[in-house]
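Thanks for sending this one over. Could you open it alongside these notes and read them together?

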Amino acid sequence: MSGGKTMTIADVMTKSVISVDSSMNVNEAAKMMEDAKVGAIIVMENNTPVGIVTDRDFSAKIVAHAYPITTPVKQIMSSPMFSVSSDESIRSAADLMHERGIRKLPVIDNDVVVGIITASDIVNLLAVSTEDDIKDIYFHSVAKIFTNYSPYN
C-alpha cells in the first residue's frame, strides 16, 4: 500500500454487484441476496440506479412495518442513493460513510454501477497493510465509520 501510490476505491471494491428492477418483490430480492451471499442490491429503473436495499432494510423496514413479502423493493429501498466513483480515495468513501451513517456504497462511473465498497472492505485493508498504513487507515477511515456503532459512545 505504501510507496507513493494512494489506494483508490477501485483497488478494494467488489466488482460483482447484483441489481434488480424496482418492481421486483422483496421476497424475490431476499432470495437473490441469500443465493449470492451479499448484503446489498442496487435497485434500477430504466437501467439507472435509483436506490439500494441492504440486509438491514429487511429487518428495519419489512419486519418493523409488517409489509407483505409481495411488497416491491422500491418501497423499502434507501433513496437517494449515495455513491462514489472508482478513482476516489478510500478515505473519501470512509468520510461519506461516516457522514451519512451508512456501511455500503455503490461505485458508479459514467452512470454505470461498476462495484460496491463496504465498511468491511475498508477494515479488510488492515490485513495487508504496513504498520504506518494501518495507523493511517484506522485513524482516518475505520474509526470514523464505526464511531456510531461503538458500544462505548
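The points below go through the sheet, the helices, the hairpin and the pocket.

1. A word on the basis. This is a predicted model, in which local features need pLDDT of at least 70 and side-chain atom pairs count only at pLDDT 80 or more, while totals for chains, interfaces and linings use all residues. Residues are numbered from 1 along each chain as its sequence is written, and side-chain values use heavy atoms, with hydrogens and water left out.

2. The sheet. Two strands pair if DSSP finds at least two bridges between them. β1 and β2 (residues 40–45) run parallel and are joined by three bridges, and S19 has I42 in β2 as its bridge partner.

3. Contact means heavy atoms within 4.5 Å: V26, A29, A30 and M33 of α2 meet D55, F58 and I62 of α3. These contact residues divide into six nonpolar, no polar and one charged (Ala, Val, Leu, Ile, Met, Phe, Trp, Tyr, Cys and Pro count as nonpolar, Asp, Glu, Lys and Arg as charged, the others, Gly among them, as polar).

4. The hairpin. β4 and β5 (residues 112–118) run antiparallel, with six bridges, and I108 stands opposite V113 in β5. Two residues separate the strands of this hairpin, and N110 in the turn has a positive phi of about 50°.

5. The pocket. A pocket is an open set of points on a 1 Å grid over the protein atoms alone, where a 1.4 Å probe fits, with protein on both sides within 12 Å along at least five of seven lines; lining residues have an atom within 4 Å of a point. The largest pocket has a volume of about 380 Å³, that is, the space filled by probe spheres set on the points, which are joined across faces, edges and corners. Its lining has 15 residues, with T54, S78, G101, I102 and R103 nearest the centre. β3 (48–54), α3 (55–65) and β4 (104–109) are the elements giving two or more residues to this lining, and α3 gives the largest share, three residues. The lining divides into seven nonpolar, three polar and five charged residues.

How values were computed: Helices (H or I, at least four residues) and strands (E, at least two) are DSSP runs, numbered from the N terminus.
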